[in-house]
Amino acid sequence: MFEIRAICDPDDTDRVTTALKAAFTTGEVRQYPTRDGKHTRLYLTADHRPTPAHWPTPEQAYATAPGINSEIGWTARFLADTACFTELGREFYLRKAALLDRIALLDEPGTVGDATQAADAAALYLLDLDQPGVICDPRAYVRQQYARTLTDDQ
């Protein structure tokens, strides 16, 4: 892991941020004006992107995960306990995407049903939430993030 600092024109901030996120796995981007106020300083923690060989298999990612029925219950309880128009956090979207991925894996191999389409959409949403503009297999990304983030917390 390493720290990146970039100084750019304020109009280029989004473009530079997107390029850095496409090249590396990054944390939150912190923005500050330069002393003269004419440019923007960007700071972010980064790491090299894993190669596709480092994506966990579904069996690896969900080895210690709660059962599917338990996760359905968690999702339903979370939504029932959340007030309308509340912004949902990353944990919700990650657990939802992982749940839908696990359900889609139960489909017949080679078929694209409603479960697969829902899993793909939820995974893409999480990927765009975490890493806008990054191109990779969204469901593999969900498995990686689930294995890193939630399986140790359960």
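Student: What caps the N-terminal end of α6?
Tutor: Asp137 does, with a side-chain oxygen 3.1 Å from the backbone nitrogen of Arg139. Helices like this one (H or I, at least four residues) and strands (E, at least two) are DSSP runs, numbered from the N terminus. This is a predicted model, where local features need pLDDT of at least 70 and side-chain atom pairs count only at pLDDT 80 or more, while totals for chains, interfaces and linings use all residues. Residues are numbered from 1 along each chain as its sequence is written, and side-chain values use heavy atoms, leaving out hydrogens and water.

Student: OK, and which residues of α6 are buried?
Tutor: Arg139, Ala140, Tyr141, Val142, Arg143, Gln144, Gln145 and Tyr146. Buried means under 20% relative accessible area, exposed is over 50%, and partly exposed is in between (1.4 Å probe, protein chains only).

Student: What do they pack against?
Tutor: They pack against α2 (58-61), α3, α4 and α5 (114-130), where a contact means heavy atoms within 4.5 Å.

Student: How far apart are the end C-alpha atoms of α6?
Tutor: They're 16 Å apart, which agrees with the 16 Å that 12 residues should span at 1.5 Å a residue. The expected span is 1.5 Å times one less than the number of residues.

Student: New topic: at what angle do α4 and α5 pack?
Tutor: About 150 degrees, with their axes 8 Å apart. Axes are lines fitted to C-alpha atoms, for helices over the stretch in contact, and angles run from 0 to 180 degrees between N-to-C directions.

Student: Parallel or antiparallel, then?
Tutor: That angle makes α4 roughly antiparallel to α5. Under 35 degrees counts as roughly parallel, over 145 as roughly antiparallel, 65 to 115 as roughly perpendicular, and the rest as oblique.

Student: Which residues make the contact?
Tutor: Among them are Tyr93, Leu94 and Ala97 of α4, and Ala118, Ala122 and Leu126 of α5.

Student: Now Thr34. Where is that?
Tutor: Thr34 sits in the loop between β3 (30-33) and β4 (40-48). Thr34 counts as buried because its relative accessible area is 12%.

Student: What joins the side chains of Thr34 and Asp36?
Tutor: A polar contact of 2.6 Å. That term means a pair of N or O atoms within 3.5 Å; within protein, one must be able to donate a hydrogen and the other to accept it, and residues adjacent in sequence count only if both atoms are side-chain atoms.

Student: Last one: which strand does Ile4 lie in?
Tutor: Ile4 lies in β1 (residues 2-8). Ile4 and Ala46 are 42 residues apart in sequence, but 6.9 Å apart in space, C-alpha to C-alpha.
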